[in-house]
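Please look through the sequence and the model below before reading on.

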Amino acid sequence: MAKTQINYAEQLGSLIKRHLLVFINNRMRVFYTMMVPFIIFVVYILFLRDLELMTVGPVLTEYGLSADDAKLMSYVHTLIDSWMLSGIIAMSTITVSLQINNITVSDKENGINRDFASSPVSSTMLILSYFLSNFVITFAVCFIFLLACFIFLACMGELIITFTSLMAVCGVLIFITVNSVLFTVFICSFISRDSTMASIITIFSTAIGFLIGAYMPLFMMPKAVQYLCGFVPGTYCCALFRFAFMSDGIAEMTEYLSGVIPEGASGIMAELTGNFGYNLNFFGIVVTPPYQALVIAVFTLIFIVLNVVFGKKLTAVIGGMTKKIFAKKKNKGSRAE
């Protein structure tokens, strides 16, 4: 009997569509996933905004600048709000992606993977579909929040961005979303229970914002924690996204300060951007944006390799039936030939 030709592209498209429908049809999951970054945003406006502004005051005083300068304070507010909002977006690429992995874990626990294993579905296409569907949902949620951030900044009179920078922001968002999805998918490869997944989400959602410097500048943390953050890929994702998000605002603020204090403009901007994690300090080595992108690329390659090596764990079936089922499929295929 002739061997049946398998349309892998069609399989992949159908699987991605299935995963997206599973997510969309669970309205509570959609609502919670969409609301997480907005809740953090509200917390920032109500509680953290004034705290961040307090860190800028001493720097202004050091250079003899006054908080009564309305134009200067407008740039300061732009700097602070852009810094925090870009941090929330970068963090959301991790937290949202982690939540989307509920689909993968539920498929394991509920035996859906057993159905996939007993069908002509390619395990490689199934693994790839989990990643791609996760990426699509995560990027969509983060992009919607990005638009909401632009609207907020525009309403506050703080939106400073050119079309070129906007394209750079979108490009960096895609880049860091790929990294975050690879990271979370790898972690969730080893999880087989919804209860365990819920605990992982709670722990990560609580800690990751601090570990990547999304909530507060890293220099405010103990040295040991700062060094730990240097080994977290999300730290570099957060810093790089902020570089793209804030570059135009910082350029305008620098130009304004050059007219107010020509000799001190570069100094004050270097101190402000240093305090707010524009450049990262890794064991005394300053990691500038180009090297941040390089570090992210290296982490991305590492996670690709890890996901290839351990990818089969994504399609594992609780009870150890996977190998037997795939062996039966192979034997049937051999007899059919």
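Which element gives the largest share of the lining of the second largest pocket? The answer is H6, with four residues. This is a predicted model, in which local features need pLDDT of at least 70 and side-chain atom pairs count only at pLDDT 80 or more, while totals for chains, interfaces and linings use all residues. Residues are numbered from 1 along each chain as its sequence is written, and side-chain values use heavy atoms, with hydrogens and water left out.

The second largest pocket holds about 290 Å³ of space. On a 1 Å grid over the protein atoms alone, a pocket is an open set of points with protein on both sides within 12 Å along at least five of seven lines, a cavity is a set where a 1.4 Å probe fits but cannot get out, and lining residues have an atom within 4 Å of a point. Volume is the space filled by probe spheres set on the points, which are joined across faces, edges and corners. Two or more lining residues come from each of helix H6 (123–155), helix H7 (163–188) and helix H12 (289–310). Among the lining residues are Phe131, Leu182, Asn307 and Lys312. By class, the lining has eight nonpolar, three polar and one charged; Ala, Val, Leu, Ile, Met, Phe, Trp, Tyr, Cys and Pro count as nonpolar, Asp, Glu, Lys and Arg as charged, and the others, Gly among them, as polar.

The protein as a whole has 13 helices and two strands, which are DSSP runs numbered from the N terminus (helices H or I, at least four residues; strands E, at least two). Its C-alpha atoms fill a box of roughly 85 × 40 × 35 Å along the principal axes. Of the 337 residues, 48% are buried, that is, under 20% relative accessible area (1.4 Å probe, protein chains only).

There are also four cavities of 30 Å³ or more. The largest cavity has about 110 Å³ of space. It is lined by 15 residues, and Thr78, Ser82, Phe245, Met246 and Gly249 are the closest to its centre. Helix H10 (233–260) is one of the elements that give two or more residues to this lining, along with H3 and H6. The largest share, five residues, comes from H10.

H3 (residues 70–100) also meets helix H4 (residues 102–109): their axes come within 4 Å and cross at roughly 20 degrees. Axes are lines fitted to C-alpha atoms, for helices over the stretch in contact, and angles run from 0 to 180 degrees between N-to-C directions. H3 is therefore roughly parallel to H4, a term for angles under 35 degrees. Leu98, Gln99 and Ile100 of H3 make the contact (heavy atoms within 4.5 Å) with Asn102, Ile103 and Thr104 of H4.

Definitions and conventions
Angles under 35 degrees count as roughly parallel, over 145 as roughly antiparallel, 65 to 115 as roughly perpendicular and the rest as oblique. Buried means under 20% relative accessible area, exposed over 50%, partly exposed in between (1.4 Å probe, protein chains only).
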